[in-house]
Amino acid sequence: MRYVYFATFFVVALAVSVLGLRGTRFTHPPLELFPDMDHQAHLKPMATSALFADGRADRPIPPHTVAAGLPLDDDDGLFRGKAADGSFLTALPAPIKVDARLLARGQDRFTIYCQPCHGALGDGQGITKQYGMTTTPSYFDDRRLKLTVGELFSTITNGSVKTPEGKQNMLPYADKLAVEDRWAVVAYVRALQRTQTGTLKDVTDAAAKEALLKTK
Ligand code: HEC
């Protein structure tokens, strides 16, 4: 019988210690077996510091740099994919020149960063589909064929538009792709779309047209 009392006491003590402290705020960090560099010496914003001659903890921005997140002078829509009136660009911004080099770069970056989900063709059948990532769409449905280059750029920069529940199915790639590389990927995605929408009319070179007709 004594053991029943012990067991009951143990269970009650365990329940209180686990459940009773839920929601309690502690001023000290809990026991951490693996601190993983969580706690490091640092200076708080707006604080003073004897380390620097001017006594400020906040350091001025080094010359010729732009702080991330600050509004940029974006006349061409190069950085945001948007025109001055806020509408998405329908043509690539002037500083981006479409040539074989740009498309090769776009293909190179696409293969690394986009193909795992979107597939080499852009049909949404990337390798991740086999591992349960079923939400990746094809670029070839009616709505996505009509996405402007500005919208494509914005999707790469900011990720996909959040669902009403606040879930973002595609994360931003701005930290992985420089601005020019993002435009290169945009051009390459357009090229992938053209593989599905192109017609014989698009072939302007007479010899190429004849060769194509022979293969039909
Ligand atoms: C981890 C998987 C994954 C990777 C990698 C990925 N995407 Fe996506 N992408 C998605 C998913 C999922 C959606 C659907 C988002 C939605 O509709 O909510 C999507 C949607 C899109 C869309 C359509 C947006 C729209 O308005 O419908 C475009 C365009 C796109 N991705 C381009 C890219 C490009 C370019 C890259 C590479 C830089 C890339 N994605 C990398 C998963 C991915």
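Reader: Is methionine 170 buried, exposed or partly exposed?

Author: Partly exposed. This is a predicted model, and in it methionine 170 has 21% relative accessibility.

Reader: Which protein donors does the iron atom of the ligand have?

Author: Two residues supply them: His118 through NE2 and Met170 through SD. They lie 1.9 to 2.1 Å from the iron atom.

Reader: Where do histidine 118 and methionine 170 lie?

Author: Histidine 118 is in helix H3, residues 115-118. Methionine 170 is in the loop between helix H5 (149-158) and helix H6 (179-197). The pair therefore ties together parts that are 52 residues apart in sequence.

Reader: And histidine 118, buried or exposed?

Author: Buried. Its relative accessibility is 9%.

Reader: What's the geometry at the iron atom of the ligand?

Author: Octahedral. There are six donor atoms, with angles of 87 to 178° among them.

Reader: New topic. Where is arginine 105?

Author: In helix H2, which covers residues 100-113. Arginine 105 is partly exposed, at 31% relative accessible area.

Reader: What does arginine 105 touch, leaving aside neighbours within four places in sequence?

Author: Asp181 and Ala184. With aspartate 181 there is a side-chain polar contact of 2.7 Å.

Reader: What separates the C-alpha atoms of arginine 105 and threonine 215?

Author: A distance of 30 Å. Along the chain, the two residues are 110 residues apart.

Reader: Now the largest nonpolar core. How many residues are in it?

Author: It has 23 residues. Phe110, Tyr139, Trp183, Val185, Val186 and Val189 touch the most other members.

Reader: Which helices supply at least two residues each?

Author: H2, H5 and H6 do. H6 gives the most, with nine residues. In soluble globular proteins, nonpolar side chains tend to be buried together.

Reader: You named Trp183. What is tryptophan 183 in contact with, beyond four places in sequence?

Author: Its contacts include Leu78, Leu89, Leu92, Ile96, Val149 and Phe153. Gly77, Gly81 and Pro93 are also among them.

Reader: Last topic, backbone. Which residue has a phi near 50°?

Author: Aspartate 36. That is a positive value in a residue other than glycine. Most residues other than glycine have a negative phi.

Reader: Where does aspartate 36 lie?

Author: In the loop between helix H1 (2-19) and H2. Aspartate 36 is exposed, at 62% relative accessible area.

Reader: What about histidine 64 and its phi?

Author: Histidine 64 has a positive phi too, near 65°. It sits in the loop between H1 and H2. Histidine 64 is exposed, with a relative accessible area of 84%.

Note on methods
Residues are numbered from 1 along each chain as its sequence is written. This is a predicted model: local features need pLDDT of at least 70, side-chain atom pairs count only at pLDDT 80 or more; totals for chains, interfaces and linings use all residues. Side-chain values use heavy atoms; hydrogens and water are left out. Donors are N, O and S atoms within 2.8 Å of the metal (3.2 Å for Na, K and Ca); water is not among the atoms, so sites may look incomplete. Four donors count as tetrahedral if all angles lie between 85 and 135 degrees; four count as square planar and six as octahedral if opposite donors are over 155 degrees apart and all others between 65 and 115; anything else is irregular. Helices (H or I, at least four residues) and strands (E, at least two) are DSSP runs, numbered from the N terminus. Buried means under 20% relative accessible area, exposed over 50%, partly exposed in between (1.4 Å probe, protein chains only). Contact means heavy atoms within 4.5 Å. A polar contact is a pair of N or O atoms within 3.5 Å; within protein, one must be able to donate a hydrogen and the other to accept it, and residues adjacent in sequence count only if both atoms are side-chain atoms. A nonpolar core is a set of buried Ala, Val, Leu, Ile, Met, Phe, Trp, Tyr and Cys residues joined through side-chain atoms within 4.5 Å.
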